[in-house]
Amino acid sequence: MPSLTRKLAAALTLGALFLAGCGAAPADTAEAPAAPAVVKIGVIAPLSGDAAAYSTEMQAVIQNRLAKINTPTAATKVEVVYEDGKCEGASAVAAFHKLVDFDGVRLFLGGVCSSETLAVAPLLQQAGAVAVSALSSNPAIAGVSPAQFSLSYRDDDIGKGLATELGKHTKVAIISEQIDYAQGIHDATVANLKKLAPNTQIVADEVFPTGETNFRNLLAKVLAAKPEAVLFDPNVGKNAANLLRQAAELKWNGIKFYSNAAYLAADVGLAGVPNTFSNGMVLIDAPQIDTPELAALQAEIKAAGGSTENLGAYYTASTADGIDLLAKLAIEFHGDAAQIQTALATSTFDGFIGKGLKFGGEAFVQGVGVGKYVLTDGKAVYQK
Amino acid sequence: MHFLQILLTSFVFGTQVMLLAVALHTTYAVSRIFQLAFGAVGTALAYAVWAGGQAGFGWFSNFILFLILAGGLAAAHFYLLEKVTVHHHTLIGTLLSFAFGMGLEALLAIIFGADGKQLTAETFAPWHFGELTLPFSGVLTLAFGGVLATGFVFILEYTQAGRQLRAVAENTALATGQGVQARRVRLIIFGVVTLLAGATGWLRAWDTLLTPNLGFNLITVAFIALVVGGPRARLSGTVAAAYLLTVVPDLTVSLTSGDLSTSWKPVLVFGLAAVLLLLRPNGIFTRTQRAV
Amino acid sequence: MNYLLSQLFRTFNWLAPATGLHLVIGVAGILFAAFPVIFSLAAYTFAIAVRAGVPFWPAILLALGLALLAGGFFALLFVRLSADSFLVFTFAALLAYDALLKSWTSVTGGTLGIAGIVRPEWLATDARLALAGGILAAVVLVAEYLILRGPAGRALHGLKENPVLLAASGVSPARTGSVVLLWAAFCLGVSGIFYLWYLQFLSPGFSDWHDLVVGLSIIFLALRPRVWAIVLATFVVTWLPELLRFLPLPTAVLGHLRVLIYLVLLIVLLLRHSARLPTQRAV
């Protein structure tokens, strides 16, 4: 019996604590008659797991922008609330419910991974919310919800760029990681290859699970298929360099290499990949942004102890633009999600990505395009 | 030649799994508990080596750090499970070890981050045997694996310590009655096996990439190999099962064209284990006893 | 209020599989690690069937049918294999199922999953969802109470304590174990479909290792074969991570810390459970 009393007491305490917190939650109203003192923006991002490196850097960018937005004289302050989407849909939905129902958030910067965004987008309208993703690139996002926007480039543009390059060969192989980003690039590349280069044959199409670190048999299988070109399509991170390092152990004899953003960030040579192997690898990704404003932003973040190495130039810009845009519209429209949604769909804006940008009623920001890079001595060099 | 290349690379992975399976088999013998935490323990020790390298330790200092941490982890693991071992709560013990291992992995992810680390910045040229290629880490794994496996068999079969271990595994009460200190035998086994797990983690990390769940991928297959080989049977069954469950799926995936890529391997491991378990529920080399 | 309702629903929805697993693991002593598979399988079957144009109620029947089939498959293996082998088999099944979901992209959507699943009209609001979850939980709890009080409950106890004696008293241990696994599969299937309606999204992460740890935590916290124990345990375990939201923890470690806390809880519960079990001669 004493243990029963203890258990009941524990359960009641938990319940009381929780209800106390629930009671403190902001009122669940969609409109405010006057400018609110605080506007909340929810960020759904992978705070744990392999993609957490993105979130850490995103937070540094957001903190930098918030310092500019929340000046001492600002009438409305912007507060950011983070929740862990774990780079997968079910967790993102749980995060969304918590932010909407408990924190009263109606404006979202997120998801980060396409699977997070795809999961949350259908729920936005019924919750009276609007979301701008800085990183989600899967074309399936378009059309899921009029309340979901993305500042990223589209995977099908990357796929088109890769297919254009791969179409120069008659036999190609693709090695993809089993994650939403790589899966999106893979599907877009294969679809565009069929359209643009119907004579190009995919002689090997290998997928490895996330977390796999031994690729030697997979690489040997791809090599045995005798491709003329290989597309390496892993997720960004140290494992991408590991894949390339293991590939360098085999003899590829004049086979051309292509890839996505995975090798843009760090100096691939430092990761133990010999330059003789990686030199000439073509990377297709977002266009380079080398404006002084972005350089200054990145320098400020670095000076504050942060990093934008994994995000790269484009996603640093899109994250900064995302938070700036949402904050500006939130202040202007007093946090009214419906008006913010209309403004996003119809207005043009200037940001780190570029000038005169617009969504034009679409989910993705228009006119971003792609960029081509070539690995030279371990570093990605932009090709104009 | 492609077949031989695949076989050679599979043997390296098979050896890493075999080493952990031997660790599981040995500790199961003295405790009747599946010590699933050894995957994470091996990973933790590999991180220790990496951290020592980052801190500028020489190889000897790093080795001492490895030994000290191995001792600490072995003691923690042992004392966590000793009571349930002694009271024969074997399924509770298995779950405890599983939870300890996963907790250790979560802790490693918090401390070191989820992104992978290269164990050493030094690169060694791969070895070539005709047209076959094997990275230096792979050569070391095969050599190490052979030496360790042989050493284990020798100790078990031909030394006093091995006889004591087998006595405790066979009948703890009787062994204790004969003067064998079962608790001390178990503690020593935990210590030795922790070193083995650490060596395996280090080899795996060197061969691939150091991540918090490096040991998880190995221990899951090792665990399946132990049961397929027969946990109460001879070590040879476990060793054979470890190689079967790594080499066969690898060969199947690598030698078939079409949609069967690496991501399907766990399904193949499951299918093979299911078939073997259904055909030989007591272990692949175990004969059926008289049914009454 | 919506957050409270959605949390209540999650707790009620956990009660259904928790009671089934309580009978399987806690009372009968069958260590079954593949329950996330059945939970997810029912959800995927329903979602794929509806997407393929199967009407609502046939899709539900199909999903539950497949969940029962999976339960039957595991029941067959339970009869044929030893406890150790059965544990390994169910453990391996969890790994294989996850790989299957991610690799069979043409059917499951792979890592991108299946989005935009529509809730039935009668579950349109969180309040209705919580109510439906509560009714489901009540039905299953009543069933558990009746099972535990009756001959079936005694047979389950016997299966854990002494299967040989159980067989000698004329009750088949194989049939007892199989029936309880089928019952658990049914509970898992129903709650899987309800959870799908709650999330309105499906991906391989829908049910995984985390649910295995949560499920085991509930079972071992419940300890006793009593309905109130399982209700209390489910509430404590499902509400515990919500408390973490109030703590000022660094966001980078929040996810891993939640996992760590669950695992520490599980370790404490297991040690406590072990201390209460009858001790055998200690050597």
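This is a predicted model: local features need pLDDT of at least 70, side-chain atom pairs count only at pLDDT 80 or more; totals for chains, interfaces and linings use all residues.

Between them, chain B and chain C bury about 4,000 Å², of which 82% lies on carbon and sulfur atoms; buried area here is the accessible area (1.4 Å probe) that two parts lose on being put together, summed over both. Within the area that chain B buries against chain C, Leu95(B), Ile110(B) and Phe270(B) supply 15%, more than any other three residues. The contact draws 42 residues from chain B and 43 residues from chain C, where contact means heavy atoms within 4.5 Å.

Residues are numbered from 1 along each chain as its sequence is written, chains are lettered from A and ligands numbered from 1 in the order in which they are written, and side-chain values use heavy atoms, with hydrogens and water left out.

How many salt bridges are there between chain B and chain C? The count is zero, a salt bridge being a side-chain nitrogen of Lys or Arg within 4 Å of a carboxyl oxygen of Asp or Glu. Two residue pairs are in polar contact between chain B and chain C, both at pLDDT 80 or more. A polar contact is a pair of N or O atoms within 3.5 Å; within protein, one must be able to donate a hydrogen and the other to accept it, and residues adjacent in sequence count only if both atoms are side-chain atoms.

Which elements form the side of chain B that touches chain C? Those giving two or more residues are helix 3 (59-86), helix 4 (90-112), helix 7 (172-177), helix 9 (214-229) and helix 11 (265-279) of chain B. Helices (H or I, at least four residues) and strands (E, at least two) are DSSP runs, numbered from the N terminus. Helix 4 of chain B contributes the largest share, 14 residues.

Let me turn to two local features of chain A. The peptide bond from Gly110(A) to Gly111(A) is cis, with omega near -10°, and Gly111(A) sits in the loop between strand 3 (107-110) and helix 4 (114-127) of chain A. Cys87(A), a residue other than glycine, has a positive phi, near 55°; its loop lies between strand 2 (77-84) and helix 3 (89-101) of chain A.

Finally, within chain B, Leu8(B) belongs to helix 1 (residues 2-31). Leu8(B) and Thr133(B) are 125 residues apart in sequence, yet 8.6 Å apart in space, C-alpha to C-alpha.
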